Each structure stands twice: as C-alpha cells, then as structure tokens.
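Below is a brisk report on one protein model.

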Amino acid sequence: MLLLSNVAIVIGVQLLFGVASWAAPECTRSAEYCQERLMHPDLPEPKLGRKVVGEETSAYWRELGAQFVKDKLATQPKQGKAKNVIMFLGDGMGITTTSAARNLLGGEEKSLSFEQFPYIGLAKTYSVDLIVPDSACTATAYLCGVKGQEGTIGVNGAVPRTDCKAMLNESTHVDSIAQWAMDAGKWAGLVTTTRVTHASPSGVYAHIAERDWENDAEVEADCGPASGVQDIAYQLANGKVGSKLKLIMGGGRKHFVDSSKEAWGKRKDGLHLINEFKEADPQNVYVSTVDELMALDLKQPKRLLGLFQDDHLLYHMQTNETTTQPTLEEMTSKAIEYMSQNEEGYFLFIEGGRIDQAHHDNKARMALDETIEFSKAIAAARELTSEEDTLLVVTADHSHVFTYSGYAYRGSDIFGPAPANAKDGKPHMVLSYSNGPSYDRFYDAESKERIDPTTLIKGDYDELFPAGVPRDQDTHGGDDVLVYAHGPWSHLFTGVYEQSAIPHLMAYSACLGDGLTMCT
C-alpha cells in the first residue's frame with residue numbers, strides 16, 4: 001500500500017490575499033534573466049492551503065519512492081489465458097483530463113481507479129488521412145486492429161468518408177474483436193453513455209463510410225434511395241455482429257423507430273427495430289429505465305437491450321432523484337453480472353462517451369465529472385472480476401485541446417483563476433481550451449480585449465471555460481493517449497505503439513481471431 005493512504009491531510013481555508021490580481025514586479029536585470037523569471041515566476045506564498053503532512057521533508061518522498069519500487073518488484077506478469085476481456089473507452093480523455101480530474105477526488109496527489117493498474121503504455125492515434133483523428137476511425141483502430149479514414153467505421157483506409165459505393169465492397173470491411181470473441185464461443189456486448197449507434201460503440205459491429213448515418217433517413221440524404229447502404233441502427237439490429245450481441249445498453253432510441261410510429265422517431269422506412277427485437281424471441285428483454293434494469297432477473301434474458309434516452313444519456317451532473325436512466329457504474333455492474341453467466345467468457349466494450357462531448361462545448365466541469373463517473377465504473381469492474389482470468393484495458397480514443405496550467409497553488413480550486421494575472425492585467429483560468437465555442441463569451445470584439453473570466457465563471461455545472469480561437473466546437477488533440485492494463489498478459493501493453501495494436505494485444509491474451517495468440 002502506498003504511503004499516501006496513511007497520510008493525514010490538513011485542509012485550511014485558502015486565503016490567497018488577492019493573488020488573483022497579483023502581477024509580477026518590474027524586472028530591472030538582464031533581458032535573459034527577466035525572460036526566465038517570466039517563464040517561471042516566483043509567486044507569493046498563500047497564507048493557508050491544503051498540505052499533505054510530511055511533504056516538506058526529504059524522508060517523505062524517499063519513502064514514497066521506495067514503496068513504489070517495492071510495489072513494482074512485487075508485480076509479477078500474469079501469463080494465463082484471459083477468459084474475459086473488458087475494454088473501457090474514455091472518449092476524449094486525454095492526459096490533461098485525467099490529471100485535472102484527480103482534483104475532484106480531493107487533490108492532485110490522488111489517483112483515479114485505473115491509474116492503479118500495473119501496466120501503462122501510449123497509443124498513437126493518427127488516422128490514415130489525418131494527424132488528429134475522430135472517434136469513428138479510432139474505433140476501427142482499437143476494436144478492429146486496422147486504421148481507416150476519418151469519419152468511417154469498420155472499413156479500411158481504402159474507403160473515403162461518405163463514399164456510398166466504396167463501402168459496399170465487402171473486401172474493405174474489417175471485423176472487430178467482438179466478432180473474434182463470438183467466433184470463439186464467447187458472448188459480446190456493449191455499454192455506453194452515448195447513443196448506442198454513436199461512433200465509438202458502432203466500431204463493435206458496424207461497417208459504414210459515414211459515422212452520421214445512424215438511421216435510414218440520413219443514408220438516403222447522402223446516398224439517395226435504394227443505395228444498398230444499411231444504416232448503423234439497422235446493422236445493430238440485423239447485422240452479422242449486431243444481431244448476435246448479447247447485451248446492448250446506452251441511449252439513442254430515436255434511430256430505431258420510424259417517425260410515423262413515435263413522435264421521437266427519426267427513421268423513414270416504417271421500421272420499429274425495438275419492437276422487432278422484442279418479437280424476435282420471447283426471451284429477449286428490453287428495458288428503458290433504471291428501475292426496470294435493477295429489478296431484472298438476469299438469468300432470464302436470452303439477449304438484453306437497454307435504451308434509456310431518445311438521444312445520448314444525460315450528463316451525470318444533469319441528473320437528479322427523478323431521472324430514470326442508470327449511471328455508468330450501474331450499467332457496468334449489471335453488464336458484468338449478466339455476461340459472466342457464459343462459461344466460455346465474454347468481450348465487453350464500455351464507454352464513458354460524454355467526456356468528449358462536454359469538452360467539445362468547453363464545459364470543463366462536466367467533462368471532469370464524467371471522468372470521475374468513468375473511474376467509478378472501472379472500480380466496480382475490478383471488484384466484480386478476477387485479475388487471474390479477466391483482462392481489463394482502459395484507454396481513450398483521442399485527446400482534446402484542453403489545457404491545465406497557470407501555476408495554481410496546491411489545494412486551490414481547479415476551476416478558479418491562476419495566481420498571477422495575464423499580460424493584459426486580467427485574471428486567467430487554470431483550465432481553458434485552445435479553441436471552441438466559448439471564445440466570443442470571453443472576448444469583446446469591439447474593444448478588442450479579453451473579458452475578465454472571473455466575472456463570468458460562477459460555479460454553474462454547465463458553464464463555459466475560455467477558448468483562444470473561435471470555433472463552433474473545440475477540436476480533438478493529436479497527442480498520444482494512455483493505455484492502462486490489468487490482468488492476463490497486461491504487461492504487453494507497455495511501450496509506445498499504434499492504436500491499432502490494442503485489439504491484437506487483447507486477442508493475444510484470450511486466444512481470439514486468426515492472428516498471433518498465446519495459444520499459437
């Protein structure tokens with residue numbers, strides 16, 4: 001056990017005596033010296049803050065380092081066959097997101113549940129056509145083991161985005177590890193906080209040239225009538241992989257139902273795919289509320305479909321005691337309980353998908369809160385499984401242009417201003433974005449001056465944080481993403497590698513597919 005678990009935390013009221021308005025004094029020495037001081041300012045000391053007892057001593061850090069070495073030496077690689085594989089995907093969860101989120105646990109020295117995993121690597125996320133990818137082509141990489149072009153899912157790099165004809169060539173289709181698992185007699189399923197037809201979960205079962213073709217109306221708008229292109233919801237209901245998934249949970253009812261049958265439906269082909277699922281087998285079970293899910297006898301369903309919203313699930317911070325959707329932790333626990341009934345094992349894909357969407361809107365509070373919810377789900381999975389036979393893999397598809405900066409004091413509000421003012425004499429925030437929709441809110445175009453962000457950021461859960469470049473949505477980042485692994489053959493996930501190597505590593509541990517495995 002690490003030393004931090006036995007350390008007392010001293011909390012004080014943070015009185016920074018006006019440091020939000022602090023500015024560096026005029027420098028009268030050499031230009032080189034002054035530039036260095038500006039890069040690394042000597043800020044006033046706060047009167048009170050949060051301190052970890054012992055941090056001011058050498059012994060504390062040496063003991064902490066020694067304990068870490070002991071823990072690493074005690075970690076032995078596990079080389080047995082993985083019966084089960086669970087992949088957790090934090091959509092848009094770059095390194096700055098996980099680092100900043102620790103503060104919500106009580107301090108920057110804390111750890112998210114998956115940061116306790118013994119093996120960590122870095123995955124390169126670029127696609128065949130772009131340096132900075134989207135969630136569609138990355139899903140193809142980390143689920144199918146092949147990189148494709150931006151906006152495409154389950155097809156190789158020969159298929160351009162929105163090419164209605166190229167995607168009909170089945171030689172371009174690439175199967176996911178879910179298919180490999182089912183071929184080996186295992187069950188496969190997916191859980192997400194987004195629509196189940198959204199880009200990331202679609203990588204489990206779909207082959208499509210455009211991530212937005214979630215229903216037939218969208219396909220017809222781009223490809224015309226009778227194009228032969230099956231939309232994503234249809235592939236989930238009737239496709240080779242989708243129709244055999246044992247468990248599907250998330251949002252997105254609207255893409256499964258014709259608009260003539262339900263006011264919220266978006267289809268135009270007359271289908272009600274939810275009813276078709278229920279009618280296909282009397283043992284198929286459909287649930288639409290958390291109460292129905294929690295009350296369900298999981299020994300009964302032959303297949304389980306849970307769609308809890310017409311669109312994406314609500315952000316966790318939008319929910320209250322009247323909300324009828326389950327949390328990601330609740331869905332994860334139920335999914336593992338259900339999937340564990342198969343003696344041959346299972347592959348399960350679980351996504352915390354709304355981290356990404358909050359970042360796109362420059363809503364830092366919600367992005368970090370979704371990260372904490374994601375961490376809770378992984379903690380639950382670790383409790384419900386054994387490291388002897390279950391491989392857990394946690395990663396992100398890409399990062400965001402989310403910055404965590406400003407020399408903030410220990411124990412200060414992560415959502416607050418940095419200690420020193422900017423060159424224009426106004427505060428700047430610890431958290432901000434390189435670009436995004438909030439630009440106009442924090443910049444006065446007429447005066448050509450920044451607006452003091454502390455006059456706008458008041459603590460609302462959905463408030464915007466500053467962006468430097470105006471865009472309708474913030475962009476993804478091109479930096480590598482971390483991969484955390486725990487369980488059989490998790491030591492293989494160390495190093496720096498292509499994102500498309502991830503399913504090959506998972507398959508190796510569980511003897512899936514026709515590639516290299518521990519069984520061959």
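Phe-402 stands opposite Tyr-433 in E13. The two strands involved are E12 and E13 (residues 431-436), which pair in the antiparallel sense over three bridges. Strands here (E, at least two residues) and helices (H or I, at least four) are DSSP runs, numbered from the N terminus. Two strands count as paired if DSSP finds at least two bridges between them.

This is a predicted model: local features need pLDDT of at least 70, side-chain atom pairs count only at pLDDT 80 or more, and totals for chains, interfaces and linings use all residues. Residues are numbered from 1 along each chain as its sequence is written, and side-chain values use heavy atoms, with hydrogens and water left out.

E12 and E13 belong to an open sheet of three strands, ordered E12-E13-E16, with mixed pairing. Strand E12 (402-404) and strand E16 (467-470) are the edges; each has a single partner strand, so one side of each lacks a neighbour in the sheet. On average, neighbouring strands of this sheet are turned by 20 degrees against each other, direction ignored. Axes are lines fitted to C-alpha atoms, for helices over the stretch in contact, and angles run from 0 to 180 degrees between N-to-C directions.

## A ten-stranded sheet

A second open sheet has ten strands. Their order is E7-E8-E6-E5-E9-E3-E10-E18-E4-E19, and the pairing is mixed. The edges are strand E7 (284-287) and strand E19 (495-498), each with a single partner strand, so one side of each has no neighbour in the sheet. Neighbouring strands are turned by 15 degrees against each other on average, direction ignored.

Within this sheet, strand E3 (residues 84-90) pairs with strand E9 (residues 346-352) in the parallel sense over six bridges. Val-85 has Phe-347 in E9 as its bridge partner.

## Disulfides

How many disulfides does the structure hold? There are two. A disulfide is a pair of cysteine sulfur atoms within 2.5 Å.

One joins Cys-164 and Cys-223, with sulfur atoms 2.0 Å apart. The torsion about the S-S bond is -80 degrees, and the link is left-handed. Cys-164 sits in the loop between helix H4 (135-144) and helix H5 (177-183), and Cys-223 in helix H7 (residues 216-223), so the pair ties together parts 59 residues apart in sequence. Cys-164 is buried, at 15% relative accessibility. Cys-223 is buried too, at 19%. Buried means under 20% relative accessible area, exposed over 50%, partly exposed in between (1.4 Å probe, protein chains only).

Another disulfide joins Cys-511 to Cys-519, S to S 1.8 Å. The torsion about its S-S bond is about 85 degrees, so this disulfide is right-handed. Cys-511 is buried, with a relative accessible area of 15%.

Cys-137 is in no disulfide; the nearest cysteine sulfur, that of Cys-144, is 12 Å away. Cys-137 is buried at 3% relative accessible area. Cys-144 is buried at 4%.

## Val-290

Val-290 lies in helix H10 (residues 290-295). It counts as buried, at 13% relative accessibility.

Which residues does Val-290 contact, leaving aside neighbours within four places in sequence? They are Phe-308, Thr-323, Thr-324, Gln-325, Pro-326 and Glu-330. Contact means heavy atoms within 4.5 Å. Val-290 and Thr-323 are 33 residues apart along the chain, and their C-alpha atoms are separated by 8.7 Å.
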